[in-house]
Amino acid sequence: MSTANSTRTPAALVLEDGRVFRGSAYGARGRSLGEAVFCTGMTGYQETLTDPSYHRQIVVQTAPQIGNTGWNDEDDESSRIWVAGYVVRDPARTPSNWRAKRTLDEELERQGVVGISEVDTRTLTRHLREQGAMRSGVFSGDALGTDEEMLAEVKASPQMKGADLAGEVSTKQTYVVEAQGERKFRVAALDLGIKSNTPRLMAARGIEVHVLPSSSTVDDLLAVEADGVFLSNGPGDPATTAHATELTKSVLEREIPLFGICFGNQILGRALGLGTYKMRYGHRGINIPVIDVATKRVAITAQNHGFALEGEPGQRFETPFGAAQISHYCPNDDTVEGVRAFDVPAFSVQYHPEAAAGPHDAAPLFDEFVSLMEKAK
């Protein structure tokens, strides 16, 4: 147990169905409210914690021991930790990695993230799989109350369904990530919760990336004089993204090459006329299989989503912009994992080809985006 936890301050995780899990405080003491979800990644907890797509979620790590490599100053996927709370089973006593600057516990406390350790995360994960992701709260220190009091706070917290969160995590001002070497293309990236590795991978392919706020207009996009438009990942319910969906329709009308990932996949799908729904417990981890219906190839992917597009694997459908297809799906549950338009240059995937901390099976999708822009030129 880390030094900060050696006093074993009591803590509780309270789920909205009344289930209570007891443990010890980890990170900051206090109260955190959010949607309890589980992540199956065995590595990459720093990337998980700093992924804006986890905004307002309490993340349960299924890996039994967390914190072994401590916290460094290079692997953040954004400017801060975004998770609402953190639940682990066995925190590492001492981090062991040459890049570590401090312990995970210390970083959680520094950023005010309330967590809980010594939880039976196996039982908790099984409960969330059976009952679904749900509102929850982590309580420790002075915030601990009776089960009834804590449950009342959880039930008074907002639902994830209907939550409009992209604007809360988006950049407030446009910034530019320069191309590495010769600039071959310029891309306007709509920041709905973008991860740092996304523009980095595009820059490595000679792309100058202009990252724009989620509130940007079509005129803002056109002012960039971009060769392509990118829709990023992000948190919340895609049904709330009327602005981004209409912006995407404007891009499709102008036949500007478009690529979307995760939340961006849902926005492109909605622009093409598909509906979205909230999944029972979602896909979160770095070990989730996806099948490309055209090639039948399987990619092991990184994912983080609690909503999905409606549709069937391989389904072709008509849109206001011509024909399109459900291009990818997850063989575990047939969830839609990608959409491709045939008559306009646009495609998207539900998973994360920028995948930090891995895997990298889907990285060539950025090359496909480059090819799309080359053909348009």
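By buried area I mean the accessible area, taken with a 1.4 Å probe, that two parts lose on being put together, summed over both. The size of an interface is often given in this way. Please bear in mind that the model before you is predicted.

Let me begin with the layout. The domain assignment divides the chain into domain 1, residues 10–156, and domain 2, residues 166–376. Their C-alpha centres lie 28 Å apart. For residues 9–139, an unreviewed UniProt entry gives the feature "domain: Carbamoyl-phosphate synthase small subunit N-terminal". That span is 18% helix and 34% strand, and its end C-alpha atoms are 11 Å apart.

I turn now to the interface. How much area is buried between domain 1 and domain 2? The figure is about 1,900 Å², with carbon and sulfur atoms giving 46% of it. On the side of domain 1, the residues that lose the most area to domain 2 are Pro-52, Ser-53 and Glu-77, which together account for 28% of what that side buries.

In terms of contacts, 27 residues of domain 1 meet 21 residues of domain 2. One salt bridge is found across the interface. Lys-278 forms a salt bridge with Glu-35, and the closest N and O atoms are 2.6 Å apart.

Finally, consider what domain 1 presents to domain 2. Strand β3 (31–39) and helix α3 (121–131) each supply at least two residues of that side. By class, the touching side of domain 1 has nine nonpolar, ten polar and eight charged residues.

Note on methods:
Residues are numbered from 1 along each chain as its sequence is written. This is a predicted model: local features need pLDDT of at least 70, side-chain atom pairs count only at pLDDT 80 or more; totals for chains, interfaces and linings use all residues. Side-chain values use heavy atoms; hydrogens and water are left out. UniProt positions are given in the numbering used here, feature names are shortened, and annotations may be inferred rather than shown by experiment. Helices (H or I, at least four residues) and strands (E, at least two) are DSSP runs, numbered from the N terminus. Domain bounds come from an automatic or database domain assignment. Contact means heavy atoms within 4.5 Å. A salt bridge is a side-chain nitrogen of Lys or Arg within 4 Å of a carboxyl oxygen of Asp or Glu. Ala, Val, Leu, Ile, Met, Phe, Trp, Tyr, Cys and Pro count as nonpolar, Asp, Glu, Lys and Arg as charged, and the others, Gly among them, as polar.
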